Amino acid sequence: VWKNHVKFTFTHENSKSSLPVLTLCVKDKESKKSVHSAIRALDKSNRLPKLLTEFSDNLMKRFIKPLLVKRRHVVTTTGNRKDIQIQLESARGRKDTDVADNIVAIFNCLYSNLFDLNLRQGDSEKVTLMKRLGDIIGDEITDLLITHYLAKCVPSTKEELDKYSQVCMLF
């Protein structure tokens with residue numbers, strides 16, 4: 001069930017310019033309900049953690065790390081009645097892309113199309129598939145954000161610190 005509804009592929013499979021595509025096959029509300037039921041069953045049988053770990057490894061390797069480290073990509077999301085696609089595209093010819101906006105777009109798309117599923121149906125505590133994903137990749141994505149995104153904002157010389165205090169005075 002999982003592999004039929006959550007697929008990683010590549011554009012131009014055998015090309016050097018191949019970019020990742022994540023497809024969520026959700027079809028319609030009825031289909032989504034049956035997928036949710038199957039995912040809950042995978043959770044109860046303790047098979048979901050392995051699948052979610054594989055998914056998170058692919059998500060980090062194919063989408064998050066290239067966005068944070070290379071910063072030469074932009075995220076696009078497309079959808080139709082059958083499926084939703086999240087794709088990396090080259091950012092050539094576009095203004096500087098905001099890394100944070102791209103990462104937020106990925107997680108918003110995941111959450112709104114499949115990962116909003118509450119795994120503990122009937123319990124008072126809400127444990128979503130997205131929360132489980134966050135538990136798996138939270139530390140790694142935080143380290144990447146600090147190292148490749150936020151660290152560039154922190155002054156490392158006296159001259160940069162002086163400029164930083166000038167910027168702070170504007171706020």
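Phenylalanine 115 is buried, at 0% relative accessible area; buried means under 20%, exposed over 50% and partly exposed in between, with a 1.4 Å probe and protein chains only. The model is predicted, so local features need pLDDT of at least 70 and side-chain atom pairs pLDDT 80 or more, while totals for chains, interfaces and linings use all residues. Numbering starts from 1 along each chain as its sequence is written, and side-chain values use heavy atoms, without hydrogens and water.

Rings of Phe, Tyr and Trp (its six-membered ring) pair when their centres lie within 6.5 Å; planes under 30 degrees apart are stacked, over 60 edge-to-face, the rest tilted. The count is one aromatic pair.

| Pair | Centre distance | Plane angle | Class |
|---|---|---|---|
| phenylalanine 55 and phenylalanine 115 | 5.2 Å | 35° | tilted |

The partners sit 60 residues apart, phenylalanine 55 in helix H3 and phenylalanine 115 in helix H4 (residues 99–115). Helices here are DSSP runs (H or I, at least four residues), strands likewise (E, at least two), numbered from the N terminus. Phenylalanine 55 is buried too, at 2% relative accessibility.

The largest nonpolar core has 38 residues; among those with the most contacts inside it are Trp2, Phe55 and Phe115. Such a core is a set of buried Ala, Val, Leu, Ile, Met, Phe, Trp, Tyr and Cys residues joined through side-chain atoms within 4.5 Å. H3 gives the most to this core, 10 residues.

H3 has a kink of about 40°, centred on methionine 60. The bend is the angle between axes fitted to the seven residues ending there and the seven starting there.
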